[in-house]
Number of protein chains: 4
Amino acid sequence: MNRKLRMGMVGGGKDAFIGAIHRIAANMDGLIELSCGALSINPDVAKESGKMLFLPEDRTYLTFEEMITKESQLPADKRIDFVTIVTPNFAHFAPAMMALDNGFNVVIEKPIAFTLDEALQLKQKVAETGLTLCLTHTYSGYPMVKQARAMFADGVFGKIRKVWVEYPQGWLSKLSEREGNAQAAWRTDPKKSGKSGCMGDIGTHAAHLAEYITGLKITQLCADLSILVDGRALDDDGNVLLKFENGAAGCLMASQVAAGEENALKIRVYGEKGGVEWAQHEPNTLLVKWLDAPTQILRAGGNYGDRLSTYATHNCRTPGGHPEGYLEAFGNIYRNFALTLGAKISGETPTKEMLDFPGVEDGIRGMAFIDNVVTSAQSTEKWTAHIVNN
Amino acid sequence: MNRKLRMGMVGGGKDAFIGAIHRIAANMDGLIELSCGALSINPDVAKESGKMLFLPEDRTYLTFEEMITKESQLPADKRIDFVTIVTPNFAHFAPAMMALDNGFNVVIEKPIAFTLDEALQLKQKVAETGLTLCLTHTYSGYPMVKQARAMFADGVFGKIRKVWVEYPQGWLSKLSEREGNAQAAWRTDPKKSGKSGCMGDIGTHAAHLAEYITGLKITQLCADLSILVDGRALDDDGNVLLKFENGAAGCLMASQVAAGEENALKIRVYGEKGGVEWAQHEPNTLLVKWLDAPTQILRAGGNYGDRLSTYATHNCRTPGGHPEGYLEAFGNIYRNFALTLGAKISGETPTKEMLDFPGVEDGIRGMAFIDNVVTSAQSTEKWTAHIVNN
Amino acid sequence: MNRKLRMGMVGGGKDAFIGAIHRIAANMDGLIELSCGALSINPDVAKESGKMLFLPEDRTYLTFEEMITKESQLPADKRIDFVTIVTPNFAHFAPAMMALDNGFNVVIEKPIAFTLDEALQLKQKVAETGLTLCLTHTYSGYPMVKQARAMFADGVFGKIRKVWVEYPQGWLSKLSEREGNAQAAWRTDPKKSGKSGCMGDIGTHAAHLAEYITGLKITQLCADLSILVDGRALDDDGNVLLKFENGAAGCLMASQVAAGEENALKIRVYGEKGGVEWAQHEPNTLLVKWLDAPTQILRAGGNYGDRLSTYATHNCRTPGGHPEGYLEAFGNIYRNFALTLGAKISGETPTKEMLDFPGVEDGIRGMAFIDNVVTSAQSTEKWTAHIVNN
Amino acid sequence: MNRKLRMGMVGGGKDAFIGAIHRIAANMDGLIELSCGALSINPDVAKESGKMLFLPEDRTYLTFEEMITKESQLPADKRIDFVTIVTPNFAHFAPAMMALDNGFNVVIEKPIAFTLDEALQLKQKVAETGLTLCLTHTYSGYPMVKQARAMFADGVFGKIRKVWVEYPQGWLSKLSEREGNAQAAWRTDPKKSGKSGCMGDIGTHAAHLAEYITGLKITQLCADLSILVDGRALDDDGNVLLKFENGAAGCLMASQVAAGEENALKIRVYGEKGGVEWAQHEPNTLLVKWLDAPTQILRAGGNYGDRLSTYATHNCRTPGGHPEGYLEAFGNIYRNFALTLGAKISGETPTKEMLDFPGVEDGIRGMAFIDNVVTSAQSTEKWTAHIVNN
């Protein structure tokens, strides 16, 4: 790529959580600059936030419609290259569609949309326009997650037999949504979050991670969703039995009421000859287990010759021993998206490592997962097919 | 107690795994002596094993019937106090019944019997005879497991909401039963092991641990059992959704084909205010998690005044920093059984801490768990009641 | 602050290690933009690197002298605010002095200079100009390091008695400097690195960390420096006994030949009532130990009310459970430097948390440490005073 | 061996710490029976302790002199095979000499004696009598410590360059010796403990471990010993620089005032190609580090074919995943001593694995270490030779 890409942000005003994360992720590698924003539906917040981010006043917009319209009218060497959407779930679809319709590439915070139907419309629009849509399933941005995926893809462990993925959080152990916690309020509100709470918010991350690492699709599921804090409208906890397309058995557990847990995403996958264990808590480590040999501690940036996949090394910024974390994983998604877009703009071909970021298909899988998990939870049948209904 | 107790062992000849463990556990605290044995159904092995254990020839028996008969005829100050049964599952019931019938107390390796019906007969016999039956669910012997149980019993964490228990092993990742592995052979053989493999062998341990720590009964379950190694007759893997009597949600995972895992039993239980995490890998540590405060590392033998329950401190042999392990946990079961029996013999009242070892009721729960898990696995209904059918 | 700060970089061309780190650190928070650079003494590399970083050609300079001279002539709203110096040690002083002389603030990679004398000259220049000099002792940028410092400063643990700090690396276990490793080449060369190898490169980090966390000065030291790989000119390993000003005992260990270690910086400090343990390997955790109570796991971003110091919370970008790492710690130094400079520019007063970044005094301590450690290593006397000789 | 060995214990009455540990260690494997004891210098305690241990009254002695004299007069098939001495340091020598003089083998808790001179006399007596003396340097009994030793002996890592051993405890952080803590009282009393406190008590363990694993002698040392709790007569903390016979550099740190630490013995040894890390906290794990390959987690009882040394496998009682701890390590010393003695009695040759327990030479090294460390601490010279002065 031969210039920085220009980004316009929808949502992410001051005090928003995920917007700030997206900005750091986009800033980190010097490939992207924040050029404009429609940072809040509250005009005062929008303006104040724009000022704090050193945006020019004339590119601090009050609505996404205004932003997309006005940016479209700017000359090519000034207007944004892509729109990043960091609003609550119910407000993903409209700006995404409008952006695509106006020729802008799109980054969307997951889940991709409010309903599966919206996701399918986005897929069609992406296909029509040839634009790039990136979905920030952060955890697939970690180098050692990519290493795990590469090892299974290379058949290092033989046929996959067993998958355990878990995502315990504790932050919704009280009815915080009624105590002024804005994050809790929208995430537990079916009108803003969608038909699932815990499963939509973090279960989708776990399911994505399982499919990403194994390279296998989940084909059947059996879900037990619970509301463990009285007075809540959406599930705050769930356990799901899984079947994978190759016959592997699995289990996915997610909770937002595991009091005392932070963000303890962890996955274990076992094949015939060994397996892997990865946990976000210490993301630079991949435990590699063997049937007949000692467990190995693979480290991001490790000095092992070519033992690490190019997918892992491409996504490290430092040599071993310099812990990289969540922001770098997030940054990897932005970086790969930017490198891909930059290559396209320069007429170059992006490498396979650059192209390795989540997109619209991942978004559809996620929306279908939410639908199917909720269907299963309401059923007395043991198994529900995990297919994309439309 | 005012003398050592005398033990006779059924099974446990040389090369047996669990028999050797029982002997170390029984020896450790100097409360029990091995007085006789019917150590193998192979007479040569029985004799050779007796010699290796320094047993007198006249108390090295060739069958459990001979042992129980002849020991019954010895004078009271010479004959054994109890029989310990360490044979494969199918050979638990007969010696246990005969021992009880002849006035001997009994220790049995888990599962208590081959079928639930046998277990119920043992319960009745124990009730009739007033003798003591101890079941070696080892993991409930760890001090920090007892600490966890005590904290939930004391209401420290409020109402329990969520239970995750997992027990991954990898040792059956190949068809070792066909390669001369005697342990693998009987454990994967329905005629010797029972109607379940993995769930009977280790799933029962996980279920016992969950009920022991929480003090709650599992009331419903939804099981997915798999045979992941082709050619095997019994399940070698399973995931089970759980409902507890108070409404808590749970998940139990066990596998013997998690290649590269040793014996990675782990449990996490969360209540309204916090929760605990315990793993056999580092058994002297109990992580205590809090909704609004830092996680604490509680250590067996820790110098914390009265923060540790008497149930924990009674079961530690050393101050903090001297790691105790599996053999000590096993030894705690023997020690508490011996202290209880010794107290009875001396006409004293055992303390509540001494009485805290698994018995016939735990055995019945275990057999019912096996039955109900297998029933659920064969059902298309989501939930199966976990009750004791008889 | 009301605008982004403009940075000019000296050194850090493509393939340099630390220059890339500085750029990520500076980019991350959107407070600084890279405006120009003299990125290499090799003109081709300088130009190519400028292009890769999207610098305008007219601000891609070939020498630091050119850069400082030309930037000085730019209008105030265009010229850089500060110079960042990421060259090898021997080339820190000249650009730093010239920058200060021309009214530019300065960031320098540690150690501050090649000799103590240079460091003292820089101190005087800073005093004369009133400009700000920031020294990137990265490890003091970690939130949980700041938490530890704050706890000792608040007297939480009583009088400090004992300090253990260690920094094992393995990357110089072979004579890599003769195998084309450019990093190894200059760092093991007395003409480029200075009078110490391992102690200058990483021992100074360890010493800084110890003084930073304890708030105490090291007053005496007894060093054993070794060259453990034959053929090397500078120490690649050292152990140093320490005495602190309050009488506390300490030990500092550093090695670059601990084969298999990455960057395993770790510190433990004990007071009368408890102590702390922090390791870069898992930097978001601070173990807090107590004489009579369980160890606590303090986590960056933890939800503990006001248990975390404002020095820690000010330096976290995410809530607990989103691991931040080395780049964020580095970024904290740039962020605090930028916030301080931005406040000055806006006529505001920086907060105490903003002002908490290493500067010229830390640089002088570091150069004196190198001198005194080398003196001690050559002496047969046990103790050498750790004072600033000039 | 063809019978259990008979043990007589000196010291170890009720409430003693280490006596109880020795009994468990001796009981565990069913190779040794406690036959008699002189358990306390307080006659009431001696009698009561004998009763609690189910000793016959006529073999519950009141003094070690009485015990040794009377046992000598018993017939060969009844009298003890060895005396185990678990008194405070000042009371090791007399019973040990008398036992040897009367033809009894001896086990002694470390340090072997009160002075080096006593240790040298014991050596001569052992040589004269041909009896066996075992010294319970517990930590050398851990299987993974033996594995480490075997790997260095086999040259797996090339020449050893660097040794770090540390032993932090916190239990003497207060003047507990004045608050009725009997353990603290004698261990901090020069008349009972000897000329060093911390270094004698735990520094000797660390030094033994370092020499045991490396197979190298420490030849020079530079010690800084401190009394960090006011009012104490003996060192409660120390840091020692080390030189090994092959030129390797080392550092030994021990403290009894590291508030909040339990018994955190840890050692790291690095050679040219890699190294090991072992910590008592999780003793079944040996981290094996490599210059150019991922760290391996070697586990006691691991299923790795012949990757584990026979020295390790001989000292495991269980397969991998059944944590063994301090008592088993202690038990290994007793077991190997018993197997060696049993072999001698049966006229067999003990294997090299059986013979691998500490003895009188280790005791002499330990006493010399105490002497030389104290000499060094009082010297203004940097280095003191670590030789056996007599």
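Helices here are DSSP runs of H or I with at least four residues, and strands are E runs of at least two, numbered from the N terminus. Good morning. The model I present is predicted: local features need pLDDT of at least 70, side-chain atom pairs count only at pLDDT 80 or more, and totals for chains, interfaces and linings use all residues. Residues are numbered from 1 along each chain as its sequence is written, and chains are lettered from A in the order in which they are written.

I begin with helix 9 of chain A, residues 198–214. Helix 9 spans 23 Å from first to last C-alpha over its 17 residues, close to the expected 24 Å, where the expectation is 1.5 Å times one less than the number of residues. Of its 17 residues, 17 are buried, that is, under 20% relative accessible area with a 1.4 Å probe, protein chains only. After helix 9 comes G215(A), with a positive phi near 70 degrees.

I turn now to the assembly. Chain A superposes on chain C by a rotation of 180 degrees, with 0.0 Å of shift along the axis and an RMSD of 0.0 Å, fitted by least squares on C-alpha atoms of residues with pLDDT of at least 70 in both copies. The two copies are therefore related as by a two-fold rotation axis. Within chain A, M28(A) comes closest to that axis, its C-alpha at 2.2 Å. Because 97% of the interface residues of chain A are also interface residues in chain C, the copies meet through the same surface; contact means heavy atoms within 4.5 Å.

Definitions and conventions: Side-chain values use heavy atoms; hydrogens and water are left out. Buried means under 20% relative accessible area, exposed over 50%, partly exposed in between (1.4 Å probe, protein chains only).
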